[in-house]
Amino acid sequence: MACFLVPTTEAIVVTAIKHNVKKKEELLPAEQKEGKILMSQKLTWLTNLLWGGSALLAYEHVWHGEVVPWFPFLTAASDPDDTAVMLHEMSTVGVTMAVLVTAVWGGMMGVSSAMDKKAAVEAQAK
């Protein structure tokens, strides 16, 4: 019903954090940034995953008539019984999806870190 709102909220928060991180990275000397994947780029990966997944879920909810272009926009919000079901879905399915996407991103960060370390070791060997 509205599970897509949880990853959308996370995407909004992470996007704001990413912009702040990017501003701080711009102040770093070029030597510190050279040959590295910056945190702002890594956060871009997470925001892309979150925004993309949220957009697909929102489209699916529009397709099934659960989201409409008139107030209150979520059909479940018009009936108190449906609202309780919607909030339960958001707190279970929505949170699970957001955590799963973030966990996948965390795995990507682990692989990225291992690749960075391997490249640093190979560069020192030369």
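Me: Hi! How many helices and strands does the protein chain have?
Reply: Hi! The protein chain has four helices and zero strands, taken as DSSP runs numbered from the N terminus (helices H or I, at least four residues; strands E, at least two). This is a predicted model, where local features need pLDDT of at least 70, side-chain atom pairs count only at pLDDT 80 or more, and totals for chains, interfaces and linings use all residues. Residues are numbered from 1 along each chain as its sequence is written, and side-chain values use heavy atoms, leaving out hydrogens and water.

Me: Thanks. In what order do the elements run?
Reply: From the N terminus they go α-α-α-α. The radius of gyration is 19 Å, well over the 14 Å that the globule rule gives for 126 residues, so the protein chain is more spread out than a compact globule. That radius is taken over C-alpha atoms, and the rule is 2.2 Å times the number of residues to the power 0.38.

Me: And what does the C-alpha trace span?
Reply: About 65 × 25 × 20 Å along the principal axes of the protein chain.

Me: Switching topic: which residues form the largest nonpolar core?
Reply: There are nine: A2, F4, V6, V67, L74, A76, M86, M90 and A98. Such a core is a set of buried Ala, Val, Leu, Ile, Met, Phe, Trp, Tyr and Cys residues joined through side-chain atoms within 4.5 Å; buried means under 20% relative accessible area (1.4 Å probe, protein chains only).

Me: Which helix gives the most to this core?
Reply: Helix α4, residues 80-125, with three residues.

Terms used:
Buried < 20%, exposed > 50% of the residue type's maximum accessible area, 1.4 Å probe, protein only.
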